Amino acid sequence: MEREALQAAVCELDSTVSPLDANADRAAVIVEASALPAIVRRLRDQPQFAFAQLLDHVAVDWIDRGQFELIYQLYSFKHKHFLSVSVFVPREDPRVPTLCRVHPVAEWQEREVYDLFGVLYDDHPDLRRLFLEDDWVGFPLRKDYQDDFMLDRPR
Amino acid sequence: MGIVTDKLPGALEKVPGGNVLVTRFDEIINWARASSLWPLTFGTSCCAIEMLMATGGPRHDLARFGAEVARPSPRQADLLILAGTIVKRMAPRLRTLYEQMAEPRYVIATGACTISGGPFIYHSYTTVRGADEIIPVDVYVPGCPPRPEQLFHGLLTLQKMIKEGETIREPGVRRKPVISALPEGITLEDIQGEMKELLVKENVVDVQHAVDKLKWPSGLNESSSGDSGANERGAGDGA
Amino acid sequence: MTVEVSSLKELVEQASGDDRSPDTQEYFVNMGPQHPSTHGVLRLVLKLDGERVLRCIPVLGYIHRSIEKISEHMNYMNCVHLTDRMDYLSSIMNNWAVSKAVEEAAGIEVNSRIQTIRTIFAELERIQSHQLWWGVLGMDLGAFTPFLYGIRDREVLNDVMEETVGARLTMNYVLPGGLMADIHPNFVHRVKEFIKYFRPKLDEYDDLLTNNVIIQERLRNVGILSPQTAVQYGATGPVLRGSGVAFDLRKDHPYGVYDQADFEVPVGTIGDSWDRYWVRVEEMRQSMNIVEQLLDNIPPGDFLVKKLNSKIKIPEGRYYSQLETARGILGVFIVSDKKDEPYRMHYRSPNFNNLWCLEPMIKGDYIASLIGAMSSLDLVIPDIDR
């Protein structure tokens with residue numbers, strides 16, 4: 001399916017899905033946090049989409065807008081197309097339902113995002129730090145992360 | 001037997017029925033220590049491929065220097081070749097490994113990361129800026145990663161240090177660390193000054209300059225008779 | 001809906017439970033971070049029942065160097081050089097992934113000479129990476145000779161590449177807008193010589209290891225990964241293809257000049273360690289085919305585009321680019337806010353996602369099988385941690 005057609009088809013899936021045009025190369029949609037697992041499950045199971053693999057999960061800290069953007073990159077082996085699904089959550093209370101039940105690899109990808117951004121995943125079976133020690137304070141990839149240890153590059 | 005870097009210290013005296021070696025205790029012990037270093041297989045990242053695998057392989061062959069008996073257990077090793085970045089989470093483990101090694105123990109820090117933090121020094125919330133913040137280091141081998149030959153230079157430097165090193169009267173006296181592979185006449189301050197100048201300079205690539213400068217000399221083509229035309233075209237068109 | 005954040009200590013205490021029956025005793029064993037078979041500083045917490053593995057919990061972070069944070073304070077030219085240190089056995093492919101992302105985002109067109117040279121180098125490095133993996137697999141299973149053979153042939157190829165690139169491991173050869181230097185005049189000639197040298201050697205590999213009954217016993221029907229599990233657990237590259245899913249970005253979404261080359265994608269059948277082994281050995285042959293086809297037709301042109309500023313500015317937006325490294329899909333995700341530094345830089349590393357296949361692969365199997373199965377995943381730990 002072509003990029004525009006795919007984007008339109010995914011948006012027709014549910015009223016909680018809306019298009020996103022920030023990506024230059026692939027279809028992208030915004031999904032409301034509460035509807036995420038159901039939508040991703042339908043994207044996986046419906047044969048016209050068949051998004052079998054969760055390739056990647058990224059978080060972006062939009063500090064000016066007070067939001068985290070959580071991006072899920074999906075791939076379909078059957079139709080050979082990509083889709084990026086975005087979820088916006090408030091920075092003060094970043095909570096989103098987990099995708100572990102739909103794509104098992106989400107368990108660790110979500111742990112990475114929790115570790116570096118502090119996004120909490122509802123119903124996650126094993127939410128703990130992945131790269132840093134359990135007693136680490138703060139979430140280092142947030143834009144406002146401060147640390148006595150870090151050095152700034154001399155300009 | 002490999003490369004003999006130094007002959008047996010002491011004097012051989014002929015006596016009826018054989019020879020007698022007359023030497024000093026310190027010298028013979030240090031000679032033995034220097035000639036059979038057992039490295040610990042400790043590699044955290046990129047340098048491990050060069051420092052442990054390539055040097056252990058048939059081309060470079062660490063065995064020539066009597067240091068090929070790589071041990072996975074620190075209890076059996078006396079040389080710690082630090083290959084790769086040390087991060088905060090690894091630091092206590094590295095300290096434990098070092099303390100588990102039996103005295104006398106020696107440490108070679110290879111690569112920019114173990115010397116100073118290397119490319120991961122600024123804006124990193126985990127990288128330790130130099131392994132010498134955690135354990136004492138004897139020889140520094142710069143590079144990113146160093147070539148196997150540079151490690152050999154470091155190893156020979158360490159062997160020299162061991163031979164000149166501690167005595168039985170003063171065991172465990174920490175030797176002054178050495179930077180291996182600095183050419184004669186160049187000091188550390190020279191390099192630091194040069195680096196500072198480069199960092200300050202505005203870095204804009206002059207493409208034409210790069211293309212002209214990086215052109216291969218035309219004489220090189222003659223050595224390879226079996227070349228296809230594609231090569232000469234390529235080299236000529238770069239200008 | 002609950003969110004509970006636990007720690008490793010709690011997890012282990014919870015799992016060790018109160019099973020104190022006389023005939024079985026479950027216990028935990030730490031494998032790593034200092035262990036010769038984990039290829040670096042991977043730590044596995046294994047829950048064992050006798051010699052059987054009940055759970056395998058990977059603990060990461062012993063080489064987490066915060067590359068993504070550092071990249072946010074670097075211009076795009078500099079970001080490229082950090083990627084060499086991630087998956088150092090596919091350093092040129094890593095460079096290429098970032099360069100590709102930046103070029104697509106900034107609209108830099110590179111000529112076909114650059115693309116051809118990049119493809120040739122990527123394939124040569126794939127061979128090199130698999131040579132090392134082959135040697136280390138032998139060593140993990142207790143045979144030292146394959147290591148010597150693998151390293152011996154790797155050095156031969158290393159010399160060929162070093163002549164052009166100037167470095168042995170972290171090559172820094174590809175950069176946004178072209179290459180660091182033109183290929184050496186001897187390059188084509190020497191690569192041909194190498195292929196002539198290495199083809200019979202690959203048959204020797206087969207005699208030594210592939211057809212060896214001990215190796216077959218230790219790899220066949222060990223660590224079986226079904227295609228469904230492989231897809232669900234995020235596997236890509238030879239791990240996915242070993243399970244029978246014929247997915248290769250070089251074929252399915254061609255980049256570089258892969259569409260001009262004629263090659264096959266080797267695919268396994270049942271997804272055991274043996275299939276993954278076979279896929280990689282076969283990939284070395286296919287890579288040589290690709291290189292041979294491209295070598296005589298390197299088009300003329302420059303090795304660097306003109307009008308290139310080291311402070312490349314990218315229009316606002318999000319850019320995702322990916323390519324197939326020796327271990328799977330490396331994805332580069334750039335969020336730009338019009339500055340010369342990325343607002344957010346993320347790497348989807350193949351090893352990070354492949355690692356999670358380990359537990360479903362060896363659950364219920366012997367601890368000795370774990371070594372072979374892990375070796376067949378071909379993990380590079382700094383790429384997992386970044």
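Trainee: What distance separates the centres of domain 1 of chain C and domain 2 of chain C, taken over C-alpha atoms?

Mentor: Please keep in mind that this is a predicted model. The domain assignment of chain C gives domain 1 (8-59) and domain 2 (69-385), and their centres are separated by 32 Å.

Trainee: How many residues are in contact between domain 1 of chain C and domain 2 of chain C, and what area do the two domains bury between them?

Mentor: The size of an interface is often given as the accessible area lost when the parts come together. Here, 18 residues of domain 1 of chain C are in contact with 18 residues of domain 2 of chain C. The two domains bury about 1,700 Å² between them, with 65% of it on carbon and sulfur atoms. C:H39, C:R52 and C:V53 supply 35% of the area that domain 1 buries against domain 2, more than any other three residues.

Trainee: Which polar features and elements belong to this interface?

Mentor: One salt bridge is found across it, and six residue pairs are in polar contact, both residues being at pLDDT 80 or more. On the side of domain 1 of chain C that touches domain 2, strand 2 (43-49) and strand 3 (52-59) of chain C are the elements that give two or more residues. Strand 3 gives the most, with six residues.

Trainee: How should I read the interface between chain C and chain A in the same terms: which contacts and what buried area?

Mentor: In this case 50 residues of chain C are in contact with 54 residues of chain A. The area buried between chain C and chain A is about 4,500 Å², and carbon and sulfur atoms give 56% of it. There are four salt bridges between these chains. The side chains of C:R318 and A:E69 meet in a salt bridge at 2.3 Å, N to O. Strand 6 of chain C supplies the largest share of the side that touches chain A, five residues.

Trainee: Which residues touch the most other members of the largest nonpolar core, and why does this core lie between the domains of chain C?

Mentor: Among its 194 residues, A:L43, A:L70, A:Y72, B:L80, B:L82, C:Y173 and C:F187 touch the most other members. Helix 5 (residues 112-140) of chain C gives the largest share, ten residues. The core lies between domain 1 (8-59) and domain 2 (69-385) of chain C because both give residues to it.

Trainee: Is helix 2 (residues 47-56) of chain B mostly covered or mostly open?

Mentor: Helix 2 of chain B is mostly covered, with eight of its ten residues buried. Its buried residues include B:C47, B:E50 and B:T55. Helix 5 and helix 6 (145-165) of chain C are among the elements that cover them.

Conventions
Residues are numbered from 1 along each chain as its sequence is written. Chains are lettered from A and ligands numbered from 1 in the order in which they are written. This is a predicted model: local features need pLDDT of at least 70, side-chain atom pairs count only at pLDDT 80 or more; totals for chains, interfaces and linings use all residues. Side-chain values use heavy atoms; hydrogens and water are left out. A nonpolar core is a set of buried Ala, Val, Leu, Ile, Met, Phe, Trp, Tyr and Cys residues joined through side-chain atoms within 4.5 Å. Buried means under 20% relative accessible area, exposed over 50%, partly exposed in between (1.4 Å probe, protein chains only). Helices (H or I, at least four residues) and strands (E, at least two) are DSSP runs, numbered from the N terminus. Domain bounds come from an automatic or database domain assignment. Contact means heavy atoms within 4.5 Å. Buried area is the accessible area (1.4 Å probe) that two parts lose on being put together, summed over both. A polar contact is a pair of N or O atoms within 3.5 Å; within protein, one must be able to donate a hydrogen and the other to accept it, and residues adjacent in sequence count only if both atoms are side-chain atoms.
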